[in-house]
Amino acid sequence: MMEIKELTKVELQLMNVLWDKQQGFVNDILAELPEPKPAYNTVSTFMRILVTKGFVGYKSFGKSHQYYPLISREVYMENFMTGVKNTFFSGSLRSMISFFAQKEKLSNKEIESIIKILNENKNDIP
C-alpha cells in the first residue's frame, strides 16, 4: 500500500466535497460548505495545499482552476484506517474490532449484520 499523508480536518472537509461532486471550482466547493463559510481565499489556499500534497489535480481555465480528486475516498479511508490499526492496535485487526465492539452499544441486528459480513468475506482470506 502506498504512503498517503493524513489530511487535516479542513482538508478532509474539502476533499469530502470534491469526492461527492467529482470536480469543482473554488466557488462550487465553497457553496457546499456549512456556515460559517470560510473566505474564498482560504478555500483557494487549502486547494493549492491539497494539490501540493498530491490529493487534488486541476484544469486551468484562464485564472480559474477546476479541481478534481486524484485519490479516491476509499483509498484514503483504507490508508487512514490501516494507520489507526498499526498505530493504536499494533497492527491487529482483532484488537481494533474488539475495542470498537466494547465501546459501541451494538444492537443484536448490528451484531448479526457484522457476523454476516465476516462470514461472507472469510472465503476471500488466503
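Reader: In this predicted model, where does Gln66 lie?
Author: Gln66 lies in strand 2.

Reader: Why is Gln66 called buried?
Author: Its relative accessibility is 12%. Buried means under 20%. So Gln66 counts as buried.

Reader: Is Pro69 buried or exposed, and how do you know?
Author: Pro69 has a relative accessible area of 18%. The limit for buried is under 20%. Therefore Pro69 is buried. Pro69 is placed in strand 2, which covers residues 64–69.

Reader: Which residues is Pro69 in contact with, beyond those within four places in sequence?
Author: Met15, Leu18, Trp19, Gln22 and Phe55.

Reader: How far apart are the C-alpha atoms of Pro69 and Lys103?
Author: They are separated by 34 Å. Along the chain, Pro69 and Lys103 are 34 residues apart.

Reader: Gln22 has come up as a contact of Pro69. What is said of its phi?
Author: Gln22 is not a glycine, yet its phi is positive, about 75°. Gln22 is found in the loop between helix 1 and helix 2.

Reader: Where is Ile71, and what makes it buried?
Author: Ile71 sits in the loop between strand 2 and helix 4. Its relative accessibility is 12%. That value falls under 20%, so Ile71 counts as buried.

Reader: What surrounds Ile71, leaving aside neighbours within four places in sequence?
Author: Ile71 is in contact with Ile4, Met15, Trp19, Gly54, Phe55 and Tyr76. Ile71 and Gly57 are 14 residues apart in sequence. Their C-alpha atoms are 9.5 Å apart in space.

Reader: How do you know that the span of helix 3 is close to the expected one?
Author: Helix 3 covers residues 40–52, which is 13 residues. From first C-alpha to last, helix 3 reaches 19 Å.

Reader: Which residues of helix 3 are buried, and why are they said to share a side?
Author: Val43, Ser44, Met47 and Leu50 are buried. They cover an arc of only 120° around the axis, so they lie on the same side of helix 3.

Reader: What is on the other side of helix 3?
Author: Asn41 and Thr52 are there, and they are exposed.

Reader: What do the buried residues of helix 3 pack against?
Author: They pack against helix 1, helix 2, strand 1 and strand 2.

Reader: What comes just after helix 3?
Author: Gly54 comes there, with a positive phi of about 90°.

Reader: What makes Ser90 exposed?
Author: Ser90 has 73% relative accessibility. Exposed means over 50%. So Ser90 counts as exposed. Ser90 lies in the loop between helix 4 and helix 5. Its phi is near 50°, a positive value in a residue other than glycine.

Reader: Why is Ile115 called partly exposed?
Author: Its relative accessible area is 45%. Buried is under 20% and exposed is over 50%. The value lies in between, so Ile115 is partly exposed. Ile115 is in helix 6.

Reader: Which residues make the nonpolar surface patch of about 390 Å²?
Author: Leu106, Ile111, Ile114, Ile115 and Leu118 make it.

Reader: Which peptide bond is cis?
Author: The bond from Glu35 to Pro36 is cis, with omega near -10°. Pro36 lies in the loop between helix 2 and helix 3.

Terms used. Residues are numbered from 1 along each chain as its sequence is written. This is a predicted model: local features need pLDDT of at least 70, side-chain atom pairs count only at pLDDT 80 or more; totals for chains, interfaces and linings use all residues. Side-chain values use heavy atoms; hydrogens and water are left out. Helices (H or I, at least four residues) and strands (E, at least two) are DSSP runs, numbered from the N terminus. Buried means under 20% relative accessible area, exposed over 50%, partly exposed in between (1.4 Å probe, protein chains only). Contact means heavy atoms within 4.5 Å. The expected span of a helix is 1.5 Å times one less than its number of residues. The arc is that of the directions from the helix axis to the C-beta atoms. Patches are made of residues with over 30% relative accessible area and no salt bridge: like charges are joined within 9 Å, nonpolar side chains (Val, Leu, Ile, Met, Phe, Trp, Tyr) within 5 Å. Accessible areas come from the Shrake-Rupley method with a 1.4 Å probe; for residues, only the protein chains shown count as cover. A salt bridge is a side-chain nitrogen of Lys or Arg within 4 Å of a carboxyl oxygen of Asp or Glu.
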